[in-house]
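Look at the chain below and follow it from one element to the next.

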Amino acid sequence: MSMPLRILGLLGLILRGILTTALVLPWCSRARRRRLICHWSRRLLQYLRLTIQVQGAWPDSPGPYLLTSNHISWVDIFVIHSVHPVRFISKSEVRHWPIFGWLAARTGTLFLSRSSRRQTLEIGKAMTQVLQAGDDLGFFPESTTSDGTSILPFKTSLLQSPLDCQATLLPIALRYSVPPGHSESAYPFIGDMTFMESLVRVLKSPPSQVTLSLGTPHKALELGTDRRQLALQLHLLTQQLRESM
């Protein structure tokens with residue numbers, strides 16, 4: 001598909017996403033909501049020419065799960081949504097991104113200002129409420145994106161809530177491939193890059209692949225009795241998943 005046709009298709013998909021989010025999602029069941037988000041995310045990856053390879057399977061038990069992952073790109077969220085939609089915790093800047101910020105807000109994203117200790121505490125309470133309501137929740141413990149060649153240390157600021165509510169954690173790992181003939185992937189969203197700059201770079205990139213490796217669920221207290229232990233164990237599990245790809 002040529003670039004102009006892909007852009008037209010992407011614009012149509014975004015319009016459909018806006019209408020579905022505004023008119024359908026507020027009134028449908030949790031199961032249907034997940035199906036719609038999953039289908040939309042898969043179509044988005046198709047227009048980005050990104051193929052997903054999944055290692056492992058989503059757990060059979062119903063959850064809810066607190067999913068943790070390494071973080072490379074804004075596309076990570078849609079890669080995860082294409083397998084199993086979850087609500088996310090994102091930095092507050094995402095709320096102001098064109099269209100995608102609005103979609104994130106209307107699909108239940110919790111926005112966090114990392115400079116505010118008070119809001120971190122409030123997000124912790126909101127995490128507990130989301131899990132107690134039966135919704136799966138996801139976040140990126142690195143608290144920033146990396147170039148994908150390694151996994152940054154996991155921050156502890158959001159790990160008290162899963163300990164307090166004895167959440168079931170589901171570690172996953174992501175890795176974007178480097179297309180043949182290229183020195184790097186177009187997907188890392190790092191440095192001073194803006195969202196629009198990243199989107200253009202992704203659209204211009206050749207067909208690529210991302211691997212998502214699903215780990216084994218663990219109760220938070222099985223991995224550590226405090227936030228530091230939990231962060232170290234989650235980092236180790238994520239690193240092992242990434243190395244298995």
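Contact here means heavy atoms within 4.5 Å. Leaving aside neighbours within four places in sequence, proline 64 is in contact with Leu131, Gly134, Asp135, Asp136 and Thr168. The model is predicted, so local features need pLDDT of at least 70 and side-chain atom pairs count only at pLDDT 80 or more, while totals for chains, interfaces and linings use all residues. Residues are numbered from 1 along each chain as its sequence is written, and side-chain values use heavy atoms, with hydrogens and water left out.

Proline 64 lies in the loop between β1 and β2 (65–68). Helices (H or I, at least four residues) and strands (E, at least two) are DSSP runs, numbered from the N terminus. Proline 64 counts as partly exposed because its relative accessibility is 24%; buried means under 20% relative accessible area, exposed over 50%, and partly exposed in between (1.4 Å probe, protein chains only). Between the C-alpha atoms of proline 64 and isoleucine 37, which are 27 residues apart along the chain, the separation is 18 Å.

Isoleucine 37 belongs to α2, where it is among the residues that meet α3. Two packed helices are described by the angle between their axes and the distance between the axes. Axes are lines fitted to C-alpha atoms, for helices over the stretch in contact, and angles run from 0 to 180 degrees between N-to-C directions. How do helix α1 (residues 3–23) and helix α2 (residues 30–47) pack? Their angle is about 165 degrees, and their axes are 10 Å apart. That makes α1 roughly antiparallel to α2; angles under 35 degrees count as roughly parallel, over 145 as roughly antiparallel, 65 to 115 as roughly perpendicular and the rest as oblique. On the α1 side the contact includes Leu10 and Leu13, and on the α2 side Trp40 and Leu44.

The axes of α2 and helix α3 (residues 76–83) come within 7 Å and cross at roughly 130 degrees. α2 and α3 are therefore oblique to each other. In this contact, Trp40 and Leu44 are among the α2 residues, and Phe78 and Val79 among those of α3.

The strands come next. Two strands pair if DSSP finds at least two bridges between them. Strand β7 (residues 208–214) has six of its seven residues buried. β7 pairs with strand β1 (residues 50–55) in the parallel sense over six bridges, and serine 208 is the bridge partner of leucine 50. With strand β6 (residues 168–176), β7 pairs in the antiparallel sense over five bridges; there, serine 213 is the partner of alanine 173.
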